[in-house]
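Thanks for coming. Please look at the sequence and the model on the screen while I talk.

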Amino acid sequence: MKITLPENISDITLEQFQKYHELMIREDLTDKQKNDRKISIFIGLNHKQACDIASLDYNDILKQIDISLNQTVEFKNRFKIKDVEFGFIPNFDEITQGEFIDMKSYEIGIDKMHNLMAVLFRPIKNKDPFGNYTIVDYNGTKEFSDVMKNMPLSIVNGALIFFLNLSNELMNHTLRYTREEQPKEAQQKNTLKSGDGTQL
């Protein structure tokens with residue numbers, strides 16, 4: 001029997017990882033049953049074929065899957081599925097209210113990750129020789145969410161790291177701004193109480 005193992009995290013799709021995550025949180029299966037299903041997800045074997053694998057090969061396959069799943073990745077703003085090139089939102093300062101609301105609603109939960117990716121990545125419509133590009137306008141996630149299930153897990157993880165860092169930066173900026181503004185407000189209230197600087 002010839003099988004194809006994932007050599008690295010780029011060989012694993014988002015959909016495979018979603019199925020794997022769903023498997024790992026189940027409490028009704030033994031470790032052996034989980035491992036059989038794990039091999040089925042990532043190698044494409046049915047349950048009986050996974051059970052028929054020689055013990056030495058079985059352990060090697062599981063080890064290789066774990067190595068691929070745990071690889072570190074870098075953020076990449078473009079990738080291809082078949083002949084379509086997708087690009088990450090090029091400018092977060094210009095995101096629409098619809099994009100923002102959908103990002104917030106999909107950011108938690110592996111089962112909705114393909115929807116979040118359909119907000120963050122869309123087909124590139126124009127690009128220049130310097131790496132700049134524009135993506136198609138946002139019209140909800142319906143058109144591309146199922147397509148995103150086929151994207152490499154490496155791209156997903158890189159985007160999540162970028163997205164998390166961006167969220168942390170925005171949070172820190174907001175906290176810093178709040179700390180700076182609070183003393184000003186307190187000073188203004190004291191001034192108004194004393195009557196000094198009262199404005200019409």
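The accessible surface of the protein chain comes to about 13400 Å², and carbon and sulfur atoms hold 50% of that surface. Accessible areas here are from the Shrake-Rupley method with a 1.4 Å probe, and for residues only the protein chains shown count as cover.

A word on the source: this is a predicted model, where local features need pLDDT of at least 70 and side-chain atom pairs count only at pLDDT 80 or more, while totals for chains, interfaces and linings use all residues. Residues are numbered from 1 along each chain as its sequence is written, and side-chain values use heavy atoms, with hydrogens and water left out.

Of the 200 residues in the protein chain, 33% are buried. Buried means under 20% relative accessible area, exposed means over 50%, and partly exposed is in between, with a 1.4 Å probe and protein chains only.

Next, the elements. The protein chain has 8 helices and 4 strands. These are DSSP runs numbered from the N terminus: helices are H or I with at least four residues, strands are E with at least two. The order from the N terminus is α-α-α-α-β-β-α-α-β-β-α-α.

How are the strands arranged? They form an open sheet in the order β1-β2-β3-β4, with antiparallel pairing. Two strands pair if DSSP finds at least two bridges between them. β1 (78-81) and β4 (133-135) are the edge strands, each pairing on one side only. From one strand to the next, the twist averages 50 degrees. Axes are lines fitted to C-alpha atoms, for helices over the stretch in contact, and angles run from 0 to 180 degrees between N-to-C directions.

Between β1 and β2 (residues 84-88) there are 4 bridges, in the antiparallel sense. R78 has G87 in β2 as its bridge partner. In the loop between these two strands, β1 and β2, lies K82. K82 is not a glycine, yet has a positive phi of about 55 degrees. Is K82 buried or exposed? At 78% relative accessibility, K82 is exposed.

Helix α6 (residues 113-120) lies across β2 and β3 (121-127), and runs at about 20 degrees to β3.

Last, I155, which sits in helix α8 (residues 153-194). With a relative accessible area of 6%, I155 is buried. Which residues does I155 touch, leaving aside its neighbours within four places in sequence? They are K76, R78, F79 and F121, where contact means heavy atoms within 4.5 Å. I155 and M117 are 38 residues apart in sequence, and their C-alpha atoms are 9.6 Å apart.
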